[in-house]
Amino acid sequence: MKATLIDGSLLTGKMAGPKPRIITLAKREGQGYGFYLRVEHGEEGHLIRALEMGGVAELASLKDGDRIIRVNGTFVDSLEHSQVADLVRKSGMSVALHVLGEEAYKTAKANGVTLADPQSLSGHSQPTMNGVSAPAAKAKLCYLPKTSSGFGFSLKSIKGTQGIFMTDVVFGGTADQAGVKLSDRIVEINSENVENLSHDQTVQKVKAAGDKLMLLLVDEDTDKFFKSKSIRPSMADATVRYLPHKPRIADMTKRADGYGFVLKEDTKLAGHYIGEIDKGSPAERAGLKNMDRLVAVNGQEIDNCRHKQVVEKISQQGNKCSLLVLDAETEKMYKLGGVSPLLYWEEMRGSPPSYPAHEAEAIPAPVVPAPADVDHNPKLCRLEKTAAGFGFHLNGIHGVNGQYIKEVVKGGAADRAGLEDDDIVVEVNGVNVEMSTHEEVVNLIRKSGDTLVLLVAERTAYEHLKAQGIAITPQLLNKEPSADVPAPAYAQDDEKKYTESDNERPATPPAQTRSRSSSSSSSSSSSSSSSSSASDASEDDKL
């Protein structure tokens, strides 16, 4: 039997299939996966294109031209481009991809290999997450609101096998969109364990649940893993990435006048609530909303703390703190499944939360004076665009003035120019943008050409200067900008692209992608835009 190694995928014999790579990508809140998903005229399959330098996808060893075969176990080679993009977007903060290299994919197609049939493939590579060996599988929580078409699944039991399993999962239906897969085993329904119930009893539980279901499920591999370790699956072992409503983590840096919100107690409701948020305050910038329920302070659960203790916990954090909050809709969903919001914190921040003792008294921390030599000067940064763009995201709160830098690509143009995450943008090419909208700042940057000059201030410096009533201008710099910093480049006729926030992505991929006559591009979480060039038709999505 012949065996040929092509771009890392082993082809054995004429009709034998290739060995796909299984790559799990995990991103942070507000981050993209760092690639474009494309279909191109004259090319088969769903292509990986325009990998962001230093992005999640590139670090996980995805290659330009790779074809995606499966998304979270769903075969996608025969699906429409928009369906595949939606599967990736709706996967949450991580996604598992089966991919083939370009040559291996084309050879398999030429040889008539049925890629949808696992038996036709020569096995799978060792799964990886962001380029390293993947962690043990988790159970999953899936939230299903009933529609006029029902929940979109059926239940089956297998003779000689304990458990009730998912079947007839309707593509695009409620269950499918919630992350339910064929042959998933049901562990809990609305926080009640049903592993020892009969088929009929489980069906009755589903019917009795009404129009909303929170299911704890395990797929075949996860089930085997837990059984091999003699572990009974529970909420504590579950991922919350499939849940549609998510808690929020508000990272704040205190100004001279505080964080800009009031912590309230409601006699009609249990818990601690956010209220009276000052406009333009750190609380508003961090996305806090009136009547958000506070769940944790820096990962410490506060449900059992008195009001005074919670206030002290926030005060103890110094000038920075992170609050985990829930809106009313998210809280209802989490309560339905008996799910702790701390699972979200753990999944987003990568470390287990700490649970304080019941009614523990808070011990005030000593006040540490700020160092006298803190640099409160802004920075003037000159960026030269590369093929990968300027190498940063521009973030902002919808409807709130003020923009800040996020996801500075290591080694990219922004990094080399001295930009850092959370720097606040004050001027773009000499134009003050503190009161400009996100869209206005985006347009200024797009029209700047290949050279971009930004006046920025580190967040604490910005808030210090504002509290002192000092206007932030280049005159505050310790020295004049060097001679190689050009005068600001203002609007030009040709529209340029750069790496932006999830609200506003480039209308086309960077230069290494192929030209096309029409394309649609959208971020993994937001709006879409369109542009045109001179060649063949294609579609792409930034993910």
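Here are some labels, each set against its definition.

Reply: First, this is a predicted model: local features need pLDDT of at least 70, side-chain atom pairs count only at pLDDT 80 or more, and totals for chains, interfaces and linings use all residues. Residues are numbered from 1 along each chain as its sequence is written, and side-chain values use heavy atoms, leaving out hydrogens and water.

Me: Why is Arg241 called buried?

Reply: Buried means under 20% relative accessible area (exposed is over 50%, partly exposed in between, with a 1.4 Å probe and protein chains only). Arg241 has 14% relative accessibility, so it counts as buried.

Me: And why does Cys142 count as buried?

Reply: Cys142 comes in at 0% relative accessibility, so buried it is. Cys321 gets that label too, because its value is 3%.

Me: What makes the side chain of Arg241 a polar contact partner of the side chain of Ser91?

Reply: You need a pair of N or O atoms within 3.5 Å; within protein, one must be able to donate a hydrogen and the other to accept it, and residues adjacent in sequence count only if both atoms are side-chain atoms. Here the two side chains make that contact at 2.9 Å. The Arg241 side chain also reaches the backbone oxygen of Ser94, at 2.5 Å.

Me: How do you know that the charged end of Arg459 sits over the ring of Tyr404?

Reply: The rule wants NZ of Lys or CZ of Arg within 6 Å of the ring centre and within 35 degrees of the ring normal. Arg459 meets it, with its charged end 5.1 Å from the centre of the Tyr404 ring. Lys27 lies over the face of Tyr33, at 4.6 Å from the ring centre.
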